[in-house]
Amino acid sequence: MVNFDINGAIVEFDDTMDNYNSIRKQFQSYALNTSNTFEEKCLNNFHTIKQISDQALAFGEELIDGIIKKGVETIVTYKVITIDFNIFKEQYCKKYLDFPRLFNNLIKENMNSNGKGRKNNITKFYEIKPIIKKLAEYIYNDCFNIHYAIIDALLDNNVNKVHCYIDNKSIRQANALFNNYKDGFIGKPDECKVVEQIISLNPYRIDIYEYFIKEDGDFSCEIERLANYLGYDISEYKANLMDIYIKELIETDSVLDIEGCKEKVKKYAKYIGCRDDLIYITRIDAIYTFENA
């Protein structure tokens, strides 16, 4: 059992959810690394849309097959040994894989839009790069979606140690609860219970945690700890909040009170759970020095 205290709302994930989350995070990482590999190789080696058309599909499918193999490895760790690569790909992965279809549509669209005379002769980097980046997104999605196929295979083989992925009904319920929470329709006595329900129904919505940090703070850094557990890095969002706060602070103070500003920045950093408060306090010093130069 893994526990988080989200400003008074106690969120718990049992062992089955913990196992599911581990698989999800692992394939999220695989997907990111694989899409980066695809993008880097394509940008370095392909200089026309014809080269992309002729070679990138096979390369992308090869990369995806590598992640499918990792999916089989994961299934075997749960003592299911009757599923090999071919069975897993055909029976479980196929419905989650869109790369070939999306690839062909994108190539056709770009060949048509670039005109008859240039369709096989795109040489400008700024024209090639968006196509490759879009294909890399398709690669990411297929590789990440393989974790859904893993769960399907495990449940189909009566493995009860892994929780099912979040279904559409739970997503809709969580969205409705969160909308009512944001709109102020939830009474104070029920807020903690509702926050617990929102996260339990669908913990994989990053903007919820950003909202909680901005509106309710993250004094204990539990929201950040939960986000990290789920596979998200929320430190950049906190850094952005600090940037906005300092900008507003400087704009509203006609006469810069450097010590007062430092104290406010320090308190705000503590409020949102930003551990890098010294960076922002130093920035106040730099602004003060510049204005008084």
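In the predicted model, Y209, F212 and I213 of α8 meet I223, L226 and L230 of α9, where contact means heavy atoms within 4.5 Å. By class, this contact has 6 nonpolar, no polar and no charged residues; Ala, Val, Leu, Ile, Met, Phe, Trp, Tyr, Cys and Pro count as nonpolar, Asp, Glu, Lys and Arg as charged, and the others, Gly among them, as polar. Helix α8 covers residues 206-216 and helix α9 residues 222-230; helices (H or I, at least four residues) and strands (E, at least two) are DSSP runs, numbered from the N terminus. The two axes come within 10 Å and cross at roughly 170°, with axes taken as lines fitted to C-alpha atoms, for helices over the stretch in contact, and angles running from 0 to 180 degrees between N-to-C directions. Helices α8 and α9 are therefore roughly antiparallel to each other (under 35 degrees is roughly parallel, over 145 roughly antiparallel, 65 to 115 roughly perpendicular and the rest oblique).

Residues are numbered from 1 along each chain as its sequence is written. Because the model is predicted, local features need pLDDT of at least 70 and side-chain atom pairs count only at pLDDT 80 or more, while totals for chains, interfaces and linings use all residues; side-chain values use heavy atoms, with hydrogens and water left out.

A second pair is formed by α2 (residues 49-77) and α4 (residues 99-113), which pack at an angle of about 170° with axes 11 Å apart. Helices α2 and α4 are therefore roughly antiparallel as well. Their contact includes I49, I52 and L57 of α2 and F99, F103 and M111 of α4, and its residues divide into 10 nonpolar, 4 polar and 1 charged.

With 1% relative accessibility, K238 counts as buried (buried is under 20% relative accessible area, exposed over 50%, partly exposed in between, with a 1.4 Å probe and protein chains only). Leaving aside residues up to four places away in sequence, K238 touches I213, D218, C221, E224, I272, G273 and C274. C164, in the loop between α5 (125-156) and α6 (168-182), is partly exposed at 31%. C164 and D152 lie 12 residues apart in sequence and 8.0 Å apart in space, C-alpha to C-alpha.
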